[in-house]
Amino acid sequence: MSLPETYKAIQPDEKGQPILKEFPLEKPSTDQVLVRVEYSSLSLYDNHLLSLGAQSTDPTKRYGSEGSGVIVALGDNLKRSFKVGDRVLVRYGCWSQYLL
């Protein structure tokens, strides 16, 4: 399976409002997995952040605190623990097409 060069994610703007942005898709480092997010929820925590307009200048900050997906790439140090195609649960940043 070939991976796209970019992906989309919902990120807070300077006022804390959610906006859809496009980012370059990075390859996982030796200790990371790349997950294609398939499901994500709107949790109480997410709703709280949205209602507060949680501001962030961190370019890696993403909304979404609960989700699941499939590993599509992994770093060399994790090949004994995981494999491409494994289904995983993920926390934080799940309103995104891909996560490291």
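What share of the contacts in the protein chain with a separation of 6 or more comes from residues 24 or more positions apart? Counting a contact as heavy atoms within 4.5 Å, the figure is 65%. The model is a predicted one, so to speak for local features a pLDDT of at least 70 is needed and side-chain atom pairs count only at pLDDT 80 or more, while totals for chains, interfaces and linings use all residues. Numbering runs from 1 along each chain as its sequence is written, and side-chain values rest on heavy atoms, with hydrogens and water left out.

Along the sequence they come in the pattern β-β-β-α-β-β-β. The chain has 100 residues, and 40% of them count as buried; buried is under 20% relative accessible area, exposed is over 50%, and partly exposed lies in between (1.4 Å probe, protein chains only).

Four of the strands make an open sheet in the order 5-4-3-6, with antiparallel pairing (two strands pair if DSSP finds at least two bridges between them). Strand 5 (87-90) and strand 6 sit at the edges with a single partner strand each, so one side of each has no neighbour in the sheet. Inside the sheet, strand 3 (residues 33-40) and strand 4 (residues 67-74) are paired over seven bridges, and valine 35 stands opposite isoleucine 71 of strand 4.

Those two residues turn up again in the largest nonpolar core, which has ten residues, including Val35, Ile71, Leu78, Val88 and Cys94. A core here is a set of buried Ala, Val, Leu, Ile, Met, Phe, Trp, Tyr and Cys residues joined through side-chain atoms within 4.5 Å. Strands 3, 4 and 5 each put in at least two residues, and strand 3 gives the most, with three. Setting aside neighbours within four places in sequence, isoleucine 71 touches Val33, Val35, Phe82 and Val88, among others. A second, separate core has eight residues, among them Ala9, Phe23, Leu25 and Tyr98.

Next, the rings. Phe, Tyr and Trp rings (the six-membered one for Trp) pair if their centres lie within 6.5 Å; planes under 30 degrees apart are stacked, over 60 edge-to-face, and the rest tilted. That gives two aromatic pairs. Tyrosine 7 and tyrosine 98 are edge-to-face, at 6.5 Å centre to centre and 75 degrees between the planes. This pair links strand 1 (residues 6-12) to strand 6 (residues 98-99), 91 residues apart. Both partners are buried, tyrosine 7 at 10% relative accessibility and tyrosine 98 at 9%. Ring pairs join Tyr7, Phe23 and Tyr98 into a cluster.

As for charges, there are five salt bridges, each a side-chain nitrogen of Lys or Arg within 4 Å of a carboxyl oxygen of Asp or Glu. Arginine 87 meets glutamate 38 at 2.9 Å, N to O; the former lies in strand 5 and the latter in strand 3, so the pair ties together parts 49 residues apart in sequence. Arginine 87 is exposed at 63%, whereas glutamate 38 is partly exposed at 31%. Lysine 83 and aspartate 86 also meet at 2.9 Å, N to O, with lysine 83 exposed at 53% and aspartate 86 buried at 19%. Through shared partners, salt bridges join Arg36, Glu38 and Arg87 into one network.
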